[in-house]
Structures are given as structure tokens and as C-alpha cells.
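I opened this model to look at how its parts pack together. My notes follow.

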Amino acid sequence: MNPDASLITALVERWRPETSTFHLPCGEITITLEDVVTLSGLAIDGDAVVVDIPDEEWSAICLRLLGRVPVDLVGGVAVVRIVWLRVEFSHLPEDASQEVIEQFARAYALSLIGGVLFPDRSGSTVHLQYLLLIEDWQRAGRFAWGAAVLSYLYREMGRSTLHITHTGTSLAGDLGGWVALLQFWAWERFPHLTPRDSETRAQATEDASPRGL
């Protein structure tokens, strides 16, 4: 989905990190945990999304959980390129073992985490710390992913707001975090902003779940 740069910029310019709210002419309003679970379907209850500092080298972690290591993963670098994940894990062999299947599943989940849920401003890399969160699938299902996504988006909007305040230049186009969630929220709370000629909107039903669909 292409982000509405004007809408995102207008919202970020009105974000106040001190209160974590948008200051609008009609008053203060913000994205809540209820909004997140309703719009995205992500869990807001569960274990905190926290990563312990590993004893292993990142290259060893990458090899163990993904089965391969990118050539540019050297020294203290702990990030991989999302395009590398998509290229290297684009085709699952027909005779793949259970271990290989899980490695491909982790690569797919890692690309979603770095490209959708917790993207940095570049949107092109993902930190390997997230790989540790999906090492154990049972444990991964117990995390409050929705709460973490909202917290991350709050932080990124705060950073952009400070940049706008100090430089007068908008960073909305390079905003980190799940920008689509912010746009969904704006459409849901301010229906007059929703594109009227959207084919998706015309086909949508009132009982769509999650609402982001």
C-alpha cells in the first residue's frame, strides 16, 4: 500500500511526544491498544517483546536459525538486508527437511518484522535481534506484538517530531515504524479522509476482521 505522504506529514507535525497524542483543532487524540488489535489483529496481551543480549556471534546465530549467512555480515554488524532474505529464501526445495522449512519460515517472518512491523527509516534492513524472538515458535506466539508495534511507532513519531521542530524539515517520508497502521487509524477515525474511489473500500464489508483488511 502506498502511504499518503501528505496525511502522514500532517499527523506527525501534530504529534506531541510529551503526551503521546495528536494535538488537533478538535482536541487531543491518539492511537490506542484497542485500535491496534482492531485494525491489525495483533495481540496486545502477552509477554513483552524484549531481547536478551546473546553470547553467540551474530553470524553463528544467523547460520543456526537461517542456515546461511550473508557475505556482508561481518564484524559487529547485526543487520541483514531484507532483499537478501527475499532472494535467498524465495523458493523452498520440494525435498526440504523440517529444519529447512523452519529456517524458511523464520526468514519470511523476519522480512515481515523488518519490512512491515518494525521497519527503520531506510526500510531496507532488519536487525538480527528479532531472529531470537522467533527461534521458538511456541514462545513467539506468546509475545504482545501489537503493543510493541504501537510503542515503536510512538517512538519513531517522537523522533520525527523533534527533527521537524529543530530543523523545520519534515521527515514523514522517512518515518520508521508501521506507517500503514497510522494511515489505517486516520481513515478509521476520520472517514472523510478515506479515498472514495478505492476499489478495496468498495469491496470491503462492515464486519471485516481485522479492520485493516
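Asp-35, Val-36 and Leu-39 in α2 meet Leu-181, Phe-184, Trp-185, Glu-188 and Arg-189 in α9. Contact here means heavy atoms within 4.5 Å. I sorted these residues by class: five are nonpolar, none is polar and three are charged. In this scheme Ala, Val, Leu, Ile, Met, Phe, Trp, Tyr, Cys and Pro are nonpolar, Asp, Glu, Lys and Arg are charged, and the others, Gly among them, are polar.

A note on the source: this is a predicted model, where local features need pLDDT of at least 70, side-chain atom pairs count only at pLDDT 80 or more, and totals for chains, interfaces and linings use all residues. Residues are numbered from 1 along each chain as its sequence is written, and side-chain values use heavy atoms, with hydrogens and water left out.

Next I looked up the geometry. Helix α2 spans residues 33-40 and helix α9 residues 179-189; they pack at about 100 degrees, with axes 10 Å apart. Helices are DSSP runs (H or I, at least four residues) and strands likewise (E, at least two), numbered from the N terminus. Axes are lines fitted to C-alpha atoms, for helices over the stretch in contact, and angles run from 0 to 180 degrees between N-to-C directions. The two helices α2 and α9 are therefore roughly perpendicular (65 to 115 degrees; under 35 is roughly parallel, over 145 roughly antiparallel, the rest oblique).

Is α9 buried or exposed? Eight of its 11 residues are buried, so α9 is largely enclosed by the rest of the structure. Buried means under 20% relative accessible area, exposed over 50%, partly exposed in between (1.4 Å probe, protein chains only). Among the buried ones I noted Leu-181, Phe-184 and Trp-185.

I then turned to the aromatic rings. I found 11 aromatic pairs. Rings of Phe, Tyr and Trp (its six-membered ring) pair if their centres lie within 6.5 Å; planes under 30 degrees apart are stacked, over 60 edge-to-face, the rest tilted. Trp-84 and Phe-89 are edge-to-face, at 5.9 Å between centres and 80 degrees between planes. Both Trp-84 and Phe-89 are buried. Phe-118 and Trp-145 have centres 6.4 Å apart and planes at 50 degrees, so this pair is tilted. Phe-118 sits in the loop between α5 (98-117) and β5 (125-127) and Trp-145 in helix α8 (residues 145-167), so the pair ties together parts 27 residues apart in sequence. Phe-118 and Trp-145 are both buried.
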